[in-house]
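Biologist: I am new to this structure. Could you walk me through it, one feature at a time?

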Amino acid sequence: MSKHLLFGLLLFSTSLFSQHCPFDGAYILVVEVEDSLSGERIPDLKISFLDSLGERIMHQVYRHGGWEYDTLWMWMNPDSTSHSGIIDNSHPMNPWSIRFWFAESNYVLVWGADLPGSQILIEDVDGSQNGGQFKTRIVVLGTENLYPLCTSHSNWEFGPEGGFVEGFQSLKVYLSPQ
């Protein structure tokens with residue numbers, strides 16, 4: 001058998017077993033915010049990240065055909081994915097258009113390996129669906145709150161039957177009424 005044929009077979013067989021994950025190196029933070037009295041989830045909150053000085057963290061966002069700076073916010077996991085496939089090929093920089101089934105109806109952030117800040121600021125602002133009825137709260141984060149999206153132990157794309165990462169839990173936070 002020639003070296004070229006052997007090399008070709010090896011290359012072909014490797015590609016059959018390889019897998020590409022659109023979230024290589026990415027982690028997800030899932031925050032579940034509940035009313036301390038009723039235990040119900042609270043929608044329409046503003047959750048931003050704070051640096052060590054207590055200032056909001058800014059980052060670049062691709063919007064309207066260009067890059068701009070904005071506060072780093074968590075978003076509500078959407079009810080459904082707005083496109084077919086795992087990522088939106090027309091708008092790959094929009095992870096907020098993807099429903100992560102295991103995150104349920106909670107707040108999510110998809111990020112790199114390091115936390116963008118050591119704290120999150122949770123606010124119920126006037127004009128929100130809640131009408132500003134909950135107290136603002138700062139919560140300290142740790143790396144144990146991040147879960148990898150692409151490892152041999154994470155198979156979130158298979159849905160509830162496939163599991164996610166062993167030991168996955170959202171970060172539960174309770175807000176008190178004003």
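Biologist: Let me start with a single side chain. Is Tyr147 buried or exposed?

Modeller: This is a predicted model. Buried means under 20% relative accessible area. Tyr147 has a relative accessible area of 12%, so Tyr147 is buried.

Biologist: How do I read the ring of an aromatic residue against another ring?

Modeller: A pair of aromatic rings is described by two values, the distance of the centres and the angle of the planes. Planes over 60 degrees apart count as edge-to-face. Here the rings of Tyr147 and Phe168 have centres 4.8 Å apart and planes at 70°, so the pair is edge-to-face.

Biologist: Where in the chain do Tyr147 and Phe168 sit?

Modeller: Tyr147 is in strand β9, and Phe168 is in the loop between β9 and β10.

Biologist: How many aromatic pairs does the count come to?

Modeller: The count comes to 4. One of them joins Trp101 and Phe102, with ring centres 5.7 Å apart and planes at 85°, so this pair is edge-to-face. Phe102 is buried, at 7% relative accessible area. Trp101 is partly exposed, at 26%.

Biologist: Which residues do the ring pairs link into a cluster?

Modeller: Phe100, Trp101, Phe102, Tyr147 and Phe168.

Biologist: Now the nonpolar side chains. What is the general idea?

Modeller: In soluble globular proteins, nonpolar side chains tend to be buried together. In this model the largest nonpolar core has 35 residues. Those with the most contacts inside it are Ile28, Val31, Val33, Phe49, Phe100 and Ile122.

Biologist: Which strands supply at least two residues of this core?

Modeller: β1 (27-35), β2, β6 (107-111), β7, β9 (146-148) and β10 (171-175). The largest share, 5 residues, comes from β1.

Biologist: Next, sheets. How do strands pair?

Modeller: Strands of a sheet pair through backbone hydrogen bonds, either parallel or antiparallel. Here, an open sheet of 3 strands has the order β2-β7-β8, with antiparallel pairing.

Biologist: Why is one side of β2 and of β8 left without a neighbour in the sheet?

Modeller: β2 (46-50) and β8 (137-140) stand at the edges, and each has a single partner strand, so one side of each has no neighbour in the sheet. Neighbouring strands of this sheet are turned by 25° against each other on average, direction ignored.

Biologist: How many bridges join β2 to β7?

Modeller: There are 5, and the two strands run antiparallel. Ile47 stands opposite Ile122 in β7. β7 (residues 119-123) also pairs with β8, over 4 bridges in the antiparallel sense. There, Gln119 stands opposite Val140 in β8.

Biologist: How many residues of β2 are buried?

Modeller: β2 is mostly covered, with 4 of its 5 residues buried. Ser48 is found in this strand. Its relative accessible area is 0%, so Ser48 is buried.

Biologist: What polar contact does the side chain of Ser48 make?

Modeller: The side chain of Ser48 makes a polar contact with the side chain of Arg56, at 2.7 Å. Ser48 also touches Thr71, Leu72, Trp73, Gln119, Ile120 and Leu121, not counting residues up to four places away in sequence.

Notes. Residues numbered from 1 in each chain as written. Predicted model: local features only at pLDDT ≥ 70, side-chain atom pairs only at ≥ 80, totals over all residues. Heavy atoms only, no water. Pairing = 2+ DSSP bridges. Axes fitted to C-alpha atoms, helices over the stretch in contact; angles between N-to-C directions. Core = buried A, V, L, I, M, F, W, Y, C linked by side-chain atoms within 4.5 Å. Buried < 20%, exposed > 50% of the residue type's maximum accessible area, 1.4 Å probe, protein only. Polar contact = N/O pair within 3.5 Å; in protein donor to acceptor, adjacent residues only side chain to side chain. Contact = heavy atoms within 4.5 Å. Phe/Tyr/Trp six-rings, centres within 6.5 Å; stacked < 30°, edge-to-face > 60°.
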